[in-house]
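Okay everyone, thanks for coming.

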Amino acid sequence: MFFLISGLALGAVQGILFPLSLWWLCTLIFTVAILSFYAYRAHSYEALIIALFLFGCALGSWRGEAVRTPAPLTFPFNTPTFFNARVTAPPDERESFTYLTVLPEGERSRVRVRAPLYPTYHYGDLLMLSGTLTQPEPFLTEQGTLFNYPAYLARNSIVAEMTVKEIELMEPASRSLLGALYSFVDVLRTNIMSVISEPAAALGSGMLLGDSASLGKDLSDIFRRVGISHIVVLSGYNVTIVSEFLLRAFSYFLPLVRFSAASGGIFLFVLATGASASSLRAALMALALLLARATGREHDAFRALLIAFGTMVLINPLSLTADPGFQLSVIATAGLIFLSTPIEVRLKRFIPSRFIRELVATTLAAQCAVLPFIVHLSGAVSVYALPLNVLVLPLVPLTMALTALSAFLVFILPVLALPSAFIATLLLNFIILCARFVERLPFATVSVPALGTSVTLALYALGGLALYWRYHARSTP
Amino acid sequence: MLALLRKHYRSSVLSLLALCAMFVWWGVLFASEGQLVVAFLNIGQGDAMYIEAPNGNQMLIDGGSGRQVLAELGSVMPFADRSIDVVVGTHPDADHVGGLIPVLDRYTVSAILEPGSHADTMTYRALEAEIQNKKIPRILARRGMVIDLGAGVTFTILYPDRDTAGMETNESSIVGQLRYGSTTVLLTGDAPQSVERRLIARDGERLRSTVLKPGHHGSRTSTSDVFVQRVGPQLAVISAGEANRYGHPHAEVLTILQKYGVLVLRTDKDGRVTLKSDGKEIRW
């Protein structure tokens, strides 16, 4: 299993970075065939492992090759142009403008359109756009690291940006499941904002429904600097909370009903909130957990992570190389799986309360795991991230539940939602206040030289080896 | 969590009730009695002023360009208050009315005041659609009109004094004077120097105000020397975005204000600027 997936990842990276020769692929497949035949005949475990690894490689490079070069657009760049295009993702509303992802008619790649906030458009609308197309360029971040913006866009098959002059709605969206889900989420968001005031409302709906952009640049920067942006953005963590909640909610039903209702709920939730790679990762892991429970098999979190990771790489290999959210989510989960128990055992002497100890251990595990990657990404370290996380994280499930409760109560009668909305507002403002306070402390973020890609990879490889050695030494006395 | 609730359901019901009581008292205690509040909201490059009369009547003048105004309103308005009595859109430029669209969408607004000029932009068309959609009464602002906010607070419209159709948008900006007792605030939108000259000719001494919002975010096209002299403010509040691409406020304007000894507060440097008046003096 492990070897299959690692082969897959390696192959995908190779496929994305370098063109693939048919001969190479054929040789790989031929070797796989021979090795598996040998493994079958000689009952050789080693041969099987190598065969699986190579098979993963082949599969990965094939998928990587498929997405390596997105189809170019037929429109001219850098001169005024116009075309009809359909909106293919829920609009990404920022503070003073909106990003629309559109697919021009008759094209296979998408365009990211920077449009005014108003009027608003919806998923599925057909628009007539006029403006100027530009090629996305890599840019320097505040910390001085180079951000590969084109690759980041390309993972959603976006190959161009457009500054728009005029937009005309040609044909409103026809009915679709996704459209209905997105508008339902919009209604929930409006409900939240009708009973919770800004900026708490933006934080609440960001946590619950994944609309972090409307928080504003100022606040999201603060959250990022102090190291709690993972709770603000709808990340794998939040999806895990929602799926836990769904599981509990359906726990009184028959197993079959429970399984289908909970997995259906998770599926719809992830779809409705934009299906980012990190939330898909969490949803797949939750599904694996459900399956394990339903079939009565032993649940192995690492295996679930591997399955989720492998599926994501197969679906969109670019999320492996160009989606920091997905990368962080996978690394943090791996950290939770392998590091939290050893850390907790060591903390036993210092922290008597089990609740706090587990909290510190899980936070520490995830933080340790992502630290090199964060330094690689941003070249900065949030010094107080650990205590802040320990303070804020336990509040997150409660805050999400209260925000959701308020959003649904508004449907019945807005006044009913006021008590829960009030407590939610207090909690949300408390989180914002904590972040603002910590941000002003001396040395809240320390700039360090950004780690290069190879150094980061080497660090993780070393860490992985150390873990492997440790676990292996334990299991074979 | 749930198990805990089940275990201590009596105390949890009690604490819930206590919270509800706190929630009511919160509203009572934090209401500022007997004071006029004027908040220059920190919304980046643009204008947005929130005004609350001592009796709780509310007015919003402009909304900035985007949704930042919502967060600002959330912090200056009482919890769960989702209505504003009057909204003024001084002129159709996006950095003044863009943010009014989400405001009209989220808040119940009883009336909107406009200068009557038009802009052929996507933002302005969206605003018109929103006003029509929400069926908000539109009032054409003309010189001599007085908005009586009650409790002795009035907003007198000084400009436009003529038909604004076809005018350049900045030139059509609504200019008004907010008065409470002996304290006055002069709000000028983006009015250029030509409008300032007209105001001096028409109003003369009546322009005198305690606080001036220099026109057009402190651009050199507004706030002439003679205008500052006539208004004679103690304080000027400039609404501009940090490091905006127009270089607002311009040095010429700051020099003029300095010449007359006017204290300057800026939203790009000081954040939200909140003034409070008891009818005798303005504090900030």
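Predicted model: local features only at pLDDT ≥ 70, side-chain atom pairs only at ≥ 80, totals over all residues.

Residues are numbered from 1 along each chain as its sequence is written, chains are lettered from A and ligands numbered from 1 in the order in which they are written, and side-chain values use heavy atoms, with hydrogens and water left out.

Buried here is under 20% relative accessible area, exposed is over 50%, and partly exposed is in between, with a 1.4 Å probe and protein chains only. Strands are DSSP runs of E, at least two residues, numbered from the N terminus. Both faces of strand 1 are covered, with B:L36, B:V38 and B:F40 on one side and B:V37 and B:A39 on the other.

What does strand 1 of chain B pair with? We call two strands paired if DSSP finds at least two bridges between them. Strand 1 runs antiparallel to strand 14 of chain B, residues 273-277, with five bridges joining them. Four bridges join strand 1 to strand 2, residues 49-52, also antiparallel. Take B:F40: its bridge partner in strand 14 is B:V273, and in strand 2 it is B:M49.

Zooming out, eight strands of chain B make an open sheet with mixed pairing, in the order 6-5-4-3-2-1-14-15. At the edges sit strand 6 (138-140) and strand 15 (282-283), each pairing on one side only. For a parallel example, look at strands 3 and 4 of chain B, residues 58-61 and 83-88, which share three bridges; there, B:M59 partners B:V86.

Now, aromatics. Rings of Phe, Tyr and Trp (its six-membered ring) pair if their centres lie within 6.5 Å; planes under 30 degrees apart are stacked, over 60 edge-to-face, the rest tilted. Over all chains there are eleven such pairs. Why is A:F97 with A:Y99 edge-to-face? Because their planes sit at 80 degrees, with the centres 5.1 Å apart. A:F97 is buried at 15% relative accessible area, and A:Y99 is buried too, at 13%.

Last one: the charged end of A:R112 sits over the ring of A:Y99, 3.7 Å from its centre. That label needs NZ of Lys or CZ of Arg within 6 Å of the ring centre and within 35 degrees of the ring normal.
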